[in-house]
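Subject: Structure handover and notes

Hello,

The model we spoke about is below, with my notes after it. Please read the notes with the structure open.

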Amino acid sequence: MEFFNDLVRYSYLNHAFWACILSGITCGIIGTYVVCRRLVFLSGGITHSSFGGLGIAFYLGINPILGAMVFAVLSALGIEWANDRGRIREDSAIGIIWSVGMAIGVLFMSLRPGYTSGDLSAYLFGSIVTVTDSDVSSLAVLTAVIVIGALVWLRPVMYVAFDRDFARSQGIPTRLISYTMSALIAVTIVLSIRIMGIVLLISLLTIPVTIVNTFTKSFRTLAPAAAAVAVAGNLAGLALSYNFEVSPGAAIIFTLTVTLILVKLLTLLVKKRRRADENHL
């Protein structure tokens, strides 16, 4: 009860609350595309490559999120271009971008006068209590774009996610959709960094979808249900972190992971019971 009272009293907690809701919606919807197209490794590469943009932004004294955004979007489009043109295998391109991005971030951070390792902790592991009005506003705009886009372009995106060759045969602009989705993945990742951090963010894109995927294979059901699970996990993790004074990102991942384990165990128990009933018959 104290958590809900403080939610109204303290602006930083209110910002964190809305960030949890908005990032849950965006990561749930985008995560569905990521999992269905098997782009989890790509998302990991984009997430870690954004570290390069953070390092450069810190060195130049500009907004770190802006630097990470530019670096992440360019990395995502570069990987998609390399894969599309067949210039280099996708997994190789991701590995290169991943390592080079991290190296650039470390290099520029070490060159920055007065550098301390604590400067990056909020971005590596998340610090949801540092979310600002502008962060919430940016997430709100992104959420609106993704929700509207999902409602309008769900069918072609679904076709591209499951079978690009079939989508191409139906006259769907697969290249445009792939590039657009790669950019949206990058933007979603960067705007969610404060909530989860670079190290933990990939889990928010995958665990909610995996939980829902246990019950349904329908893309139309997966996207909204994964968003709902992500929001619930975010809010539960935020409440746990506030009450027990632990890292919000870790609390959110722990909550979602426990939920996934329970869902899988419940599914196994149901299957075993059904088999036992069939054997008795």
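Which element gives the most to the lining of the largest pocket? Helix α7 does, with seven residues. (Helices are DSSP runs of H or I with at least four residues, and strands are runs of E with at least two, numbered from the N terminus.)

Before the rest, the conventions. This is a predicted model, in which local features need pLDDT of at least 70 and side-chain atom pairs count only at pLDDT 80 or more, while totals for chains, interfaces and linings use all residues. Residues are numbered from 1 along each chain as its sequence is written, and side-chain values use heavy atoms, with hydrogens and water left out.

Pocket

The largest pocket holds about 350 Å³ of space. A pocket here is an open set of points on a 1 Å grid over the protein atoms alone, where a 1.4 Å probe fits, with protein on both sides within 12 Å along at least five of seven lines; lining residues have an atom within 4 Å of a point. Grid points are joined across faces, edges and corners, and the volume is the space filled by probe spheres set on them.

The lining has 19 residues, and those nearest the pocket centre are Gly149, Trp153, Val157, Met181 and Leu184. Two or more lining residues come from each of α2 (11-36), α7 (133-162), α9 (174-191) and α11 (219-244). By type, the lining has 16 nonpolar residues, three polar and no charged. (Nonpolar: Ala, Val, Leu, Ile, Met, Phe, Trp, Tyr, Cys and Pro; charged: Asp, Glu, Lys and Arg; polar: the others, Gly among them.)

Serine 50

Serine 50 sits in helix α3 (residues 40-60). Its relative accessibility is 0%, so serine 50 counts as buried (under 20% relative accessible area; exposed is over 50%, partly exposed in between; 1.4 Å probe, protein chains only). Beyond its neighbours within four places in sequence, serine 50 contacts Ala68, Ala72, Val190, Ile193 and Ile198 (heavy atoms within 4.5 Å).

Salt bridges

There are two salt bridges (a side-chain nitrogen of Lys or Arg within 4 Å of a carboxyl oxygen of Asp or Glu).

Arginine 164 pairs with glutamate 80 at 3.9 Å, N to O. Arginine 164 is in α8 (residues 164-169) and glutamate 80 in α4 (residues 64-85), so the pair ties together parts 84 residues apart in sequence. Both arginine 164 and glutamate 80 are buried.

Aspartate 165 pairs with arginine 168, with the closest N and O atoms 3.1 Å apart. Aspartate 165 and arginine 168 are three residues apart in α8, about one helical turn. Aspartate 165 is exposed at 56% relative accessibility, and arginine 168 is partly exposed at 45%.

Regards
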